Structure formats: structure tokens, C-alpha cells
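Here's a quick briefing to read alongside the model. Have the sequence and the 3D view open as you go.

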Amino acid sequence: MRVISAILAVALALALEAGLGRLWPSAGRWIDPMMLPVVWFATAGSQRSGMLVGCAAGLLEGAWFRVGAFGLDGFKKTCVGYVLGGLGSRFDLDQPFGRAAAGVAAVLIDSIVNFGLLGLLDQRPAAPSVFDLLVPAGVTGGSMLLIGSVVDRFDRRRHSPGG
Amino acid sequence: MITQLILIAGSVRDSVDSTRLESWALRSGAPVVDAGKFVASGIGEVGGRARDILSARDRNVEMEDRWLQATEDLGRYREAWTENERLRRLLVMRESLAPNSIAASVVSASIGPHSRSIIIDRGTADGVAPDMAVIAWGGVVGRVVATVTNHAKVWLSTDTNSSIAGIVQRTRAQGLVYGTQTGALEMRYVPTYEDVALGDRVVTSGLDGVFPKGFGLGTVIGIEASGDGIQTVQIRPEIDPSLVEEALVVVDRIPDIESP
């Protein structure tokens with residue numbers, strides 16, 4: 001069940017990214033939809049599920065929407081899943097503000113790993129601007145808060161005696 | 001009862017003329033009947049007006065629906081007209097600049113800080129292959145980097161890692177045109193002794209083996225000389241590749257559109 005929900009979440013994120021790109025090409029500067037399932041499964045699940053979802057989401061994203069070294073996005077998101085999953089095993093991130101903080105952290109980790117990897121690959125990485133760092137972090141954090149509250153409400157309704 | 005029978009008998013006996021009593025009853029009842037008629041006609045009129053109001057409301061709702069439908073149709077016609085214009089221009093461009101090319105529509109675009117690419121709806125099934133040039137309106141969009149059956153990924157010329165061989169149209173000064181994070185282009189490795197001025201047009205030189213010579217890259221908007229005899233030229237792109245909706249994939253290496 002968890003595997004199916006992970007596959008569905010990644011597929012949904014891929015569709016969202018493709019749809020957003022069609023309607024609003026520069027949406028990529030504001031949000032990385034493929035990051036959302038990674039953060040979700042890293043905080044709500046285990047470190048392993050976060051890494052696996054990160055790997056799958058990153059590879060799909062790299063194949064469809066990124067140019068350059070293939071596998072870079074898969075590696076970055078696996079790292080994000082690893083770090084957030086590790087933090088999730090020490091702190092309670094599976095609650096609204098925990099998820100929001102994890103969303104912010106995910107974007108920052110992604111940028112740091114990206115910067116380091118491009119440097120290792122000798123690709124002269126430009127330092128990300130404050131906008132490109134803080135805005136996606138904020139939007140991702142906000143999105144996690146929103147998704148979390150919707151899912152929590154749905155769960156409560158499902159597990160309530162009347163539901 | 002007896003009085004009634006007498007009255008009936010009287011009226012049977014003299015049926016032509018009405019009796020005095022009957023006449024009196026008729027006359028005295030007339031105002032009441034008139035009043036009843038007046039009230040009834042008033043009620044009828046009010047009812048009719050209410051019906052009119054109700055039917056007007058229905059007509060209003062219907063007209064509003066029709067108006068919405070017409071507005072929607074107009075929007076669709078305008079969109080179709082715009083698309084028609086774009087396709088007409090694309091056709092002209094195809095015939096005049098790149099006869100051996102495939103028209104493609106952009107399916108999705110990804111303009112992020114780390115990468116700029118678009119997905120088009122043509123792939124290996126249409127003969128699209130990696131390293132084919134993608135152009136639109138005489139300007140460079142990018143190059144194909146990956147293909148599947150019905151889709152291809154295009155690396156935009158404005159991506160920070162993209163490089164295209166460029167040449168200043170007026171003076172033939174050559175360099176490599178790179179994308180930048182701001183979405184502008186930069187022509188690097190231009191010797192300082194080369195004559196480059198603001199407003200000069202930069203086009204593809206054809207030396208990279210991907211883009212035919214003469215497709216527009218942009219206009220010079222800034223020049224920055226470094227100490228090592230090299231100048232960097234800032235270029236405003238001729239087209240914004242991220243806003244392109246239709247493009248041409250150059251299938252065969254076509255003859256250069258600009259004679260040397």
C-alpha cells in the first residue's frame with residue numbers, strides 16, 4: 001500500500017510539474033513539485049522510503065525537465081531523503097510545522113548539494129541568488145503545510161467514529 | 001319557497017319582458033358585477049405582469065447564458081486566430097528558412113535556476129534525434145538533447161551550460177554564446193581587438209555543427225573587457241525561448257541562410 005501511494009505521489013508530482021510548466025514556464029523558480037513527495041515520505045515514513053522516493057522522483061525529473069548530467073537530480077533528492085529521513089528519526093517532523101520546516105530544509109539541502117556537485121563536475125556553478133534560494137524554500141514549506149493539513153483532516157475524518 | 005314559486009310562475013307567464021323585481025335586481029347588482037370585473041381584470045393584469053416578469057427573468061437568464069457562451073466562443077475564436085497567425089508565421093519561416101524541418105508544439109517548459117529546458121511533442125517516431133537544432137521566428141531556441149517516441153527534450157540556449165558558436169553580424173567577430181542565470185545571453189572569448197558595438201546583432205556562426213549559420217541569437221546590450229585581452233559581450237536574446245509555443249526542429253543540416 002505504501003509503495004503504491006509513493007508511486008502515485010511521484011506520478012502526481014510529475015504531472016503537476018508538467019502541467020505547471022505548460023501554464024507557467026517559470027514556475028520552476030518558485031517551486032519544485034517533485035520535492036514534495038520526497039519531503040512527505042521522508043518525514044512521514046522512514047529514511048529508506050525518503051531516499052527511495054527521492055531517487056525515483058529525481059531520476060524522473062532529470063529525465064523530463066533537466067539538462068546536463070543525468071542522475072544529478074536523482075542523487076540530490078536521494079540526499080534530501082537521507083538527511084530529512086535521518087532528522088525525522090530524531091525529531092517529530094510528522095506534524096504540520098515539522099513538515100513545513102522539512103520543506104524549507106529540503107530546498108536548501110538541494111541547492112547546497114547541487115552547488116557542490118556542479119563544482120565537482122567542473123561546471124562553474126553560479127551561486128544561487130537569494131530569490132532562488134528563499135522563495136522556493138518558502139513556497140515548498142508552505143505547500144507542505146497545506147498538503148499536511150489536508151491529509152491530516154482527511155485522516156481524522158476517516159478514523160472518526162462517524163466517518 | 002312560496003314567494004319563489006310565485007316569481008317563477010310570473011316569469012313563465014310573461015317571459016318576454018323582465019319583471020320589475022328582476023330589473024331591480026339586475027340594476028342593483030350591476031355595480032357589484034362591475035367591481036368584480038374590475039378586480040378580476042386587475043388581478044388578471046397583475047398576474048399577466050407577474051408572468052411577464054417571470055418570463056423576463058427566464059429570458060434574462062437565457063440571454064446571460066447565451067452571452068457567456070458567446071464570450072466563451074469569442075475567446076476560443078481569438079485563441080484560434082492567434083494560433084492560426086503563429087502557425088502561418090511558422091509555415092512561412094519553415095518554407096523560407098528551414099524546409100527540412102518538423103513543426104513541433106511545446107508540451108511543457110522548465111525554467112528553473114539550475115536548468116532551462118522544454119519538452120516538445122515530436123520524438124523519434126517523427127525523426128527527431130539528439131543534437132538537432134530547434135528554432136523559432138528566425139531565432140535560436142535550443143538543441144535536442146534527449147528523445148523518446150513522441151517527445152523530445154530541448155536544451156534552451158538561455159541555459160547556463162548551453163553554448164552556441166556566434167558571430168557579430170556587422171564585423172564577423174566570433175565567440176561562444178552562453179546562457180546566464182538572468183535569462184540573458186553572454187558572448188565570451190571575443191578578443192578585445194574585435195569591433196563590437198552596442199546594438200550589433202549576433203547570429204549563429206554555424207561552427208558548432210548544430211545550428212546553421214545566420215539564425216538570430218540577440219542584440220548586444222553591453223560589453224565588458226577583461227584584462228587578458230578578452231571581452232565579454234552581453235546579449236538580449238532575440239526570442240525568449242521559454243515563451244515559445246511552436247518551434248521547428250531542423251531535421252537535416254540545412255544550407256546556411258547567410259552567405260559568408
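A residue is called buried if 20 or more other C-beta atoms lie within 10 Å of its own, exposed if 12 or fewer do, and partly exposed in between, with C-beta atoms placed from the backbone. By that count B:Val141 is buried, because 28 other C-beta atoms sit within 10 Å. This is a predicted model, where local features need pLDDT of at least 70, side-chain atom pairs count only at pLDDT 80 or more, and totals for chains, interfaces and linings use all residues. Residues are numbered from 1 along each chain as its sequence is written, while chains are lettered from A and ligands numbered from 1 in the order in which they are written.

**Chain A overall**

- Chain A has six helices and zero strands, where helices (H or I, at least four residues) and strands (E, at least two) are DSSP runs numbered from the N terminus.
- Read from the N terminus, its elements go α-α-α-α-α-α.
- Of the 163 residues in chain A, 42% are buried.
- Two residues are in contact if their C-beta atoms, placed from the backbone, lie within 7 Å.
- Take the contacts in chain A between residues at least 6 apart in sequence: 67% of them join residues at least 24 apart.

- α2(A) is mostly covered, with nine of its ten residues buried.
- The buried ones are A:Met35, A:Leu36, A:Pro37, A:Val38, A:Val39, A:Trp40, A:Phe41, A:Ala42 and A:Thr43.
- The cover over these buried residues includes α1 (2-23), α3 (47-65), α4, α5 (96-120) and α6 (130-159) of chain A.
- α2 (residues 35-44) and α4 (residues 72-90) of chain A pack at an angle of about 30°, and their axes are 8 Å apart; axes are lines fitted to C-alpha atoms, for helices over the stretch in contact, and angles run from 0 to 180 degrees between N-to-C directions.
- That angle makes α2(A) roughly parallel to α4(A) (angles under 35 degrees count as roughly parallel, over 145 as roughly antiparallel, 65 to 115 as roughly perpendicular and the rest as oblique).
- The crossing of the pair α2(A) and α4(A) is right-handed, a crossing being left-handed if the near helix is turned anticlockwise from the far one by less than a right angle, and right-handed if clockwise.
- On the α2(A) side, A:Val38, A:Val39, A:Ala42 and A:Thr43 meet A:Lys77, A:Val80, A:Gly81, A:Leu84, A:Gly85 and A:Gly88 of α4(A).
- This contact of α2(A) with α4(A) splits into five nonpolar, four polar and one charged residue; Ala, Val, Leu, Ile, Met, Phe, Trp, Tyr, Cys and Pro count as nonpolar, Asp, Glu, Lys and Arg as charged, and the others, Gly among them, as polar.

**Where the chains meet**

- The contact draws 19 residues from chain B and 17 residues from chain A.
- On the side of chain B that touches chain A, β1 (101-111), β2 (116-120) and β5 (152-156) of chain B are the elements giving two or more residues.
- β1(B) gives the most to that side, with five residues.
- That side of chain B divides into seven nonpolar, ten polar and two charged residues.

**Nonpolar cores**

- A nonpolar core is a set of buried Ala, Val, Leu, Ile, Met, Phe, Trp, Tyr and Cys residues joined through C-beta atoms within 7 Å.
- The largest one has 47 residues, and B:Val134, B:Ile135, B:Val141, B:Val154, B:Val202, B:Ala247 and B:Val249 have the most contacts inside it.
- A second, separate core of 32 residues includes A:Val10, A:Val83, A:Ala101 and A:Val104.
- B:Val141 lies in strand β4 of chain B, and its contacts beyond four places in sequence include B:Val134, B:Leu156, B:Pro241 and B:Ala247.

**Loop spots in chain B**

- B:Asp131 has a positive phi of about 75° although it is not a glycine; B:Asp131 lies in the loop between β2 and β3 (133-136) of chain B.
- B:Asp131 counts as exposed, with 11 C-beta neighbours inside 10 Å.
- B:Arg172, also not a glycine, has a positive phi of about 65° and is exposed, with 11 other C-beta atoms within 10 Å.
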